[in-house]
Amino acid sequence: MGKFYNGYENISVKLIDFKGNDLARAVCKFGALGEFYEGAENLEYDCNHPHYKKVIDEIISGKTFGKYAFEGSNISFQINNISRVCLAQLTREKGFFCSQSGDTRPLTQEFITPKAIYQRKDWMERLEKIERDIEDLYVDMCEDGITYMESRYFGFHAQTISICYTANVIQFMNSCNSRTENNFADEINYIYRLMRRALIDAIEKEVTDPLSKKLWYWLLKFSDRKTFYKRDHTYNND
């Protein structure tokens with residue numbers, strides 16, 4: 001029989017790639033031919049050098065546009081055990097995605113169950129009965145030679161799936177800022193909070209270059225710039 005999870009208890013996120021300690025060096029080297037930095041193209045990167053401190057400060061202050069800091073590198077995550085409902089929302093964001101295939105392997109029989117539903121015993125009994133019937137039918141279809149691609153049409157949207165997601169820095173920050181509005185759909189709100197937390201943890205633990213750390217904390221501000229506009233009564237918000 002399928003497994004129904006209590007809310008989002010089985011969702012997890014792992015940061016699998018970001019520029020980390022190398023961000024400031026990459027940003028400065030890319031801008032070395034800029035009109036205000038003559039001769040910098042031959043200067044070896046040193047986080048204590050006045051020139052490099054000046055470049056980072058000018059990017060953060062807005063004197064120099066930080067195009068490469070925004071778009072010159074990607075942040076990548078592995079997101080485990082989200083629902084297919086959430087998958088449909090996530091893949092609307094800017095970025096690239098690689099999800100578990102339902103074409104070449106069976107669907108999971110594990111389900112995200114919002115707490116408001118999970119706590120209702122009478123509803124859960126009915127759900128479990130319906131799920132057993134659908135799972136039996138799915139197995140019969142597959143064993144009778146129907147492809148996974150075709151038989152998956154009759155699974156629950158709550159079925160879990162894992163996905164890898166990568167976006168450039170400003171794409172991720174903008175998506176995070178939008179999706180973590182308090183009145184947004186809970187599951188995608190939660191996974192963006194998990195991704196942001198994983199990035200902060202990595203910056204705190206792994207980034208030792210002070211100019212890179214300074215840049216990262218500046219970039220993180222774009223992930224939480226809430227406006228006065230709020231979406232009311234659109235989603236559960238529980």
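Are F70 and F222 buried or exposed? In this predicted model, both F70 and F222 are buried.

Four strands make up an open sheet with the order 2-3-6-4 and antiparallel pairing. Its edges are strand 2 (12–17) and strand 4 (96–99), each of which pairs on one side only. On average, neighbouring strands of the sheet are turned by 20° against each other, direction ignored. Strand 3 (residues 74–83) and strand 6 (residues 160–168) run antiparallel and are joined by 8 bridges. Here I82 stands opposite I161 in strand 6. Helix 9 (residues 186–206) lies across strand 2, strand 3 and strand 6, and runs at about 140° to strand 3.

**Aromatic pairs**

The count of aromatic pairs comes to 13. Two of the pairs are set out below.

| Pair | Distance between ring centres | Angle between planes | Geometry |
|---|---|---|---|
| F70 and F222 | 5.3 Å | 85° | edge-to-face |
| Y165 and Y192 | 6.2 Å | 75° | edge-to-face |

F70 lies in helix 3 (residues 67–71) and F222 in the segment after helix 10 (210–220), so their pair ties together parts that are 152 residues apart in sequence.

**A charge over a ring**

R120 lies over the face of W123, at 3.9 Å from the ring centre.

Note on methods. Residues are numbered from 1 along each chain as its sequence is written. This is a predicted model: local features need pLDDT of at least 70, side-chain atom pairs count only at pLDDT 80 or more; totals for chains, interfaces and linings use all residues. Side-chain values use heavy atoms; hydrogens and water are left out. Two strands pair if DSSP finds at least two bridges between them. Helices (H or I, at least four residues) and strands (E, at least two) are DSSP runs, numbered from the N terminus. Axes are lines fitted to C-alpha atoms, for helices over the stretch in contact, and angles run from 0 to 180 degrees between N-to-C directions. Contact means heavy atoms within 4.5 Å. Rings of Phe, Tyr and Trp (its six-membered ring) pair if their centres lie within 6.5 Å; planes under 30 degrees apart count as stacked, over 60 as edge-to-face and the rest as tilted. Buried means under 20% relative accessible area, exposed over 50%, partly exposed in between (1.4 Å probe, protein chains only). A charge sits over a ring if NZ of Lys or CZ of Arg is within 6 Å of the ring centre and within 35 degrees of the ring normal.
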